[in-house]
Amino acid sequence: MSDTFLYTSPLDPRAKPLIDELIHEYDSRYGTYFNAEGAAAELNRYPAEAFAPPHGNFLLLIRNGETIGGGAFKHYDERTAEFKRIWTRSDLRRQGLARKVLVELEIQAARQGYARIYLTTGFRQPEAVGLYLNYGYTALFDTSADPEIYKSLPFEKDITHLAGPALEDAAPRLRVAGANH
């Protein structure tokens, strides 16, 4: 079993399983709460170019030729990348795959010159909230309040510690997931 990261585009056919399952998952959790057109409208809100270098990036986690996870980031402000679309295949959850994607995205965002991460997740995604809180993200909302009072739950993380000479080379298009960086 070999997991690799592939830097690509949301338009890559290998991204289709990620996008299809995200739409299904968001629709099953939220229905039309955020948009009358459902999750597809949210996922199509940004053009593919928003997730392309030099200001963004899009990665897939591939295992034995199959897409099993992924994520992306786009420009938020001069020092901040906004993470989007962090996902792992539903039948492979609780294996640390989302954490691998998160770590890889952080490292790549630092390579591309960002010092801070901003992201939001939905109030009906406690697994994502737990991931972000357990991995050093600061909640920008009252975590003791009922999450349903918020439309979305924002987080931030400083990644200046990731900057340095080890990150100056360009990211490879394909890398073994979990390998030392």
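This report describes the salt bridges, pockets, aromatic contacts and nonpolar core of a predicted model.

**Salt bridges**

The structure contains 12 salt bridges. Three of them are set out below.

| Pair | N to O distance |
|---|---|
| D3 and K100 | 3.6 Å |
| E66 and R89 | 2.8 Å |
| R124 and E148 | 3.9 Å |

D3 and K100 form a salt bridge through their side chains. This pair links distant parts of the chain, for D3 belongs to strand β1 (residues 3-7) and K100 to helix α3 (residues 97-111), 97 residues apart. D3 has a relative accessible area of 7% and is therefore buried, since buried residues are those under 20%. K100, with a relative accessible area of 26%, is partly exposed.

In the salt bridge between E66 and R89, the closest N and O atoms are 2.8 Å apart. E66 is found in strand β3 (residues 66-77), whereas R89 sits in the loop between β4 (80-88) and α3, so the bridge ties together parts that are 23 residues apart in sequence. E66 has a relative accessibility of 46% and therefore counts as partly exposed.

The side chains of R124 and E148 meet in a salt bridge with an N to O distance of 3.9 Å. Both residues lie in loops: R124 in the one between β5 (116-122) and α4 (126-134), and E148 in the one between β6 (138-139) and β7 (152-158). The pair therefore ties together parts that are 24 residues apart in sequence. R124 is partly exposed at 30% relative accessibility, and E148 is partly exposed at 44%.

**Pockets**

Empty space within a structure can be located by calculation. Rolling a probe the size of a water molecule over the atoms shows where such space is left.

The largest pocket holds about 1,200 Å³ of space. Its lining consists of 42 residues, and Y26, I86, T121, Q125 and A128 lie nearest the centre. Several elements contribute to this lining: α1 (16-30), α2 (39-43), β4, α3, β5 and α4 each supply at least two residues. Strand β4 gives the most to the lining of the largest pocket, with 7 residues. By class, the lining of the largest pocket has 16 nonpolar, 13 polar and 13 charged residues.

The second largest pocket contains about 200 Å³ of space. Among the residues that line the second largest pocket are P10, L11, I19, F51, F58 and R85. Its lining is made up of 9 nonpolar residues, 1 polar residue and 1 charged residue.

**Aromatic contacts and the nonpolar core**

The whole structure holds 8 aromatic pairs. One aromatic cluster is formed by Y132, Y137, F141, Y150 and F155.

The largest nonpolar core has 31 residues. Those with the most contacts inside this core are F83, A109, I117, Y132, Y137 and F155. The core draws at least two residues from each of β1, β2 (57-63), β3, β4, α3, β5, α4 and β7. Helix α3 gives the most to this core, with 8 residues.

Methods
Residues numbered from 1 in each chain as written. Predicted model: local features only at pLDDT ≥ 70, side-chain atom pairs only at ≥ 80, totals over all residues. Heavy atoms only, no water. Salt bridge = Lys/Arg side-chain N within 4 Å of Asp/Glu carboxyl O. Helix = DSSP H or I, 4+ residues; strand = E, 2+ residues; numbered from the N terminus. Buried < 20%, exposed > 50% of the residue type's maximum accessible area, 1.4 Å probe, protein only. 1 Å grid on protein atoms, 1.4 Å probe; cavity = no way out; pocket = protein on both sides within 12 Å on 5 of 7 lines; lining within 4 Å. Points joined across faces, edges and corners; volume = space filled by probe spheres on them. Nonpolar A, V, L, I, M, F, W, Y, C, P; charged D, E, K, R; others polar. Phe/Tyr/Trp six-rings, centres within 6.5 Å; stacked < 30°, edge-to-face > 60°. Core = buried A, V, L, I, M, F, W, Y, C linked by side-chain atoms within 4.5 Å.
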